[in-house]
Amino acid sequence: MIKAFWIILKRDLLLALRRRSEVFTVLFFFMVVISLFPLGVGSEDKTLKLIAPGVVWVAALLASTLALDRLFANDYLDGTLEQFVLIPHSLPVIVLAKMLAHWLLTGLPLVLIAPLVGLFYHLPSASIWVMVLVLLLGTPVLSMIGAIAAALTLGLRGGGVLISLLVLPLYIPVLVYGAGAVSVSMHEGVSTQPYILLLSAFILLSVIFSPWATAAALKISLE
Amino acid sequence: MTLEVKKLQCIRGDRELFRELSFSLQEKQLMMLEGRNGSGKTTLLRALCGLYVADQGEILWRGKPIRQQDEAYRRELLYLGHLNAIKADLSVLENLRINSLLAGARVSDDDLMAALDTIGLYAFEDFPTSQLSQGQKRRVALARLLVSKASLWILDEPFVALDVAAVEHLQAIIAKHVEQGGMVILTTHQEVPLTSGKIKRLSLNDHAV
């Protein structure tokens with residue numbers, strides 16, 4: 001079972017390596033959205049600090065929905081997904097491997113570039129590290145919730161837009177606590193701990209429930 | 001080792017494809033599934049794999065419903081559908097390696113190369129599959145048959161896109177599997193000559209509603 005997990009993970013990373021543009025689209029989209037805001041609202045130090053948490057998180061949400069329709073669509077079209085259901089391994093484990101690969105390719109780059117974004121928005125260094133931490137905790141949740149929607153809309157026409165509509169409302173808790181933690185970190189004497197603990201709870205819940213929900217949705221889509 | 005189907009009924013949308021379909025298949029038997037286009041051959045094969053839940057009836061493997069067996073049944077099953085299940089961005093060898101490892105076969109690269117050799121893809125192993133012809137892609141998918149340990153093969157139109165030589169070759173592979181005690185169910189318009197073992201025929205036209 002663990003072997004199947006590694007095979008799928010390695011396979012997805014290898015496929016992404018062969019088609020690098022798809023990874024960079026997400027990262028560039030994120031960077032472009034982030035850099036548009038100062039142009040629109042002005043580059044005043046106070047304003048930027050105020051909007052930074054929200055802007056970063058909204059951009060991260062949008063960027064993560066961008067790649068969701070590709071999570072299962074390619075495997076669905078060439079028949080690989082059908083075989084995943086038929087191989088003697090548990091489907092949720094395979095799904096979890098695909099989610100992890102998806103996060104490594106679309107979520108992790110955003111986390112790694114976050115310090116740069118923080119500097120861009122004049123955030124104090126303590127807030128930058130909080131932002132990196134909450135993105136690290138929050139983006140996997142986005143991939144995992146998104147996978148459920150991607151599996152449900154598989155094979156539908158206009159599935160890409162539908163995924164965004166389905167998934168963005170579900171991202172709200174992550175947005176609220178993720179952006180909240182960064183805002184709070186800029187004030188003296190307020191602890192970010194509750195926010196971080198709640199995000200950790202989200203990630204645990206997602207790891208436990210989303211592979212099963214996604215696997216069930218995939219089976220329905222394949223019928 | 002028996003596959004038993006009892007009073008199966010499948011409905012697609014509001015169209016009933018077949019009802020009261022019963023048959024059984026033992027080792028050393030090959031079943032040719034016949035029927036006109038749209039008669040539900042693929043649906044039946046997918047139901048046998050567990051990809052599609054039949055509306056009524058039971059499918060038993062070794063006397064137990066396949067729904068309750070899950071991984072135990074899937075370990076003995078190899079399904080090849082219309083789609084080749086190969087990734088265009090991976091090489092021929094990578095595709096075969098990943099597919100057979102996931103299917104639970106413990107194979108070395110030498111075994112895989114030998115399988116590719118036999119299926120007529122010698123010297124193509126490092127080619128990206130996107131550069132292969134339709135028939136060659138089909139061969140990559142079929143190479144899995146050679147390294148598989150599964151006893152029940154379910155093949156949906158396996159001869160499509162293959163040239164005459166490859167068709168003969170595949171017929172021999174299927175015949176060998178049946179003679180060695182395997183079971184094969186396939187839909188095709190080609191005959192598969194067997195020297196031993198038994199050919200069963202099932203026509204879905206007889207069960208149409």
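Student: Why does A:Ala217 count as buried?

Tutor: In this predicted model, A:Ala217 has 20 C-beta neighbours inside 10 Å, and since the term buried asks for 20 or more, A:Ala217 counts as buried. A:Ala217 is found in helix α10 of chain A, which covers residues 193-222.

Student: Which residues does A:Ala217 touch, leaving out those up to four places away in sequence?

Tutor: A:Ala217 touches A:Ile148, A:Ala151 and A:Leu152. By contrast, A:Asp45 is 172 residues from A:Ala217 along the chain, and the C-alpha atoms of the two are separated by 46 Å.

Student: What makes B:Asp206 exposed or buried?

Tutor: B:Asp206 has 11 other C-beta atoms within 10 Å, and the limit for exposed is 12 or fewer, so B:Asp206 is exposed.

Student: Why is A:His122 called partly exposed?

Tutor: The count for A:His122 is 16 other C-beta atoms within 10 Å, which falls between the limit of 12 or fewer for exposed and that of 20 or more for buried, and A:His122 is therefore partly exposed. A:His122 is found in the loop between α6 (91-120) and α7 of chain A, and its phi is near 60°, a positive value in a residue other than glycine.

Student: How do you know whether B:Lys7 is buried or exposed?

Tutor: B:Lys7 has 12 other C-beta atoms within 10 Å; as exposed means 12 or fewer, the residue is exposed. B:Lys7 lies in strand β1 (residues 2-12) of chain B, and it has a positive phi of about 45° although it is not a glycine.

Student: Turning to the helices, why are α3(A) and α7(A) called roughly parallel?

Tutor: The axes of α3(A), residues 45-66, and α7(A) come within 10 Å and cross at roughly 30°. Angles under 35 degrees count as roughly parallel, and α3(A) and α7(A) are therefore roughly parallel to each other. Their crossing is right-handed.

Student: Which residues of α3(A) and α7(A) meet?

Tutor: From α3(A) come A:Val56, A:Ala60, A:Leu61, A:Ser64 and A:Thr65, and these meet A:Met131, A:Leu135, A:Thr139, A:Leu142, A:Ser143 and A:Gly146 in α7(A). By class, this contact of α3(A) with α7(A) has six nonpolar, five polar and no charged residues.

Student: Where do α7(A) and α8(A) meet?

Tutor: A:Ile145, A:Gly146, A:Ala149 and A:Ala150 in α7(A) meet A:Ile163, A:Leu166 and A:Val167 in α8(A). The residues of this contact divide into six nonpolar, one polar and no charged.

Student: How do α3(A) and α9(A) pack, and at what angle?

Tutor: α3(A) and α9(A), residues 172-185, pack at an angle of about 150°, with their axes 8 Å apart, and α3(A) passes α9(A) in a right-handed crossing. In this pair A:Pro53, A:Gly54, A:Trp57 and A:Leu61 of α3(A) meet A:Leu175, A:Gly178, A:Ala179, A:Val182 and A:Ser183 of α9(A), and the contact has six nonpolar, three polar and no charged residues.

Student: Which residues have the most contacts inside the largest nonpolar core?

Tutor: They are A:Val134 and B:Ile154, in a core of 130 residues, to which α7(A) gives the most, with 17 residues. Leaving aside neighbours within four places in sequence, B:Ile154 is in contact with B:Leu45, B:Leu48, B:Cys49, B:Leu77, B:Tyr79 and B:Ile185.

Student: How many residues of chain A are in contact with chain B?

Tutor: There are 17 residues of chain A in contact with 23 residues of chain B. On the side of chain A that touches chain B, α1 (2-18) and α5 (80-86) of chain A each supply at least two residues, and by class that side has eight nonpolar, three polar and six charged residues.

Notes. Residues are numbered from 1 along each chain as its sequence is written. Chains are lettered from A and ligands numbered from 1 in the order in which they are written. This is a predicted model: local features need pLDDT of at least 70, side-chain atom pairs count only at pLDDT 80 or more; totals for chains, interfaces and linings use all residues. Two residues are in contact if their C-beta atoms, placed from the backbone, lie within 7 Å. Helices (H or I, at least four residues) and strands (E, at least two) are DSSP runs, numbered from the N terminus. Ala, Val, Leu, Ile, Met, Phe, Trp, Tyr, Cys and Pro count as nonpolar, Asp, Glu, Lys and Arg as charged, and the others, Gly among them, as polar. A nonpolar core is a set of buried Ala, Val, Leu, Ile, Met, Phe, Trp, Tyr and Cys residues joined through C-beta atoms within 7 Å. Axes are lines fitted to C-alpha atoms, for helices over the stretch in contact, and angles run from 0 to 180 degrees between N-to-C directions. Angles under 35 degrees count as roughly parallel, over 145 as roughly antiparallel, 65 to 115 as roughly perpendicular and the rest as oblique. A crossing is left-handed if the near helix is turned anticlockwise from the far one by less than a right angle, and right-handed if clockwise.
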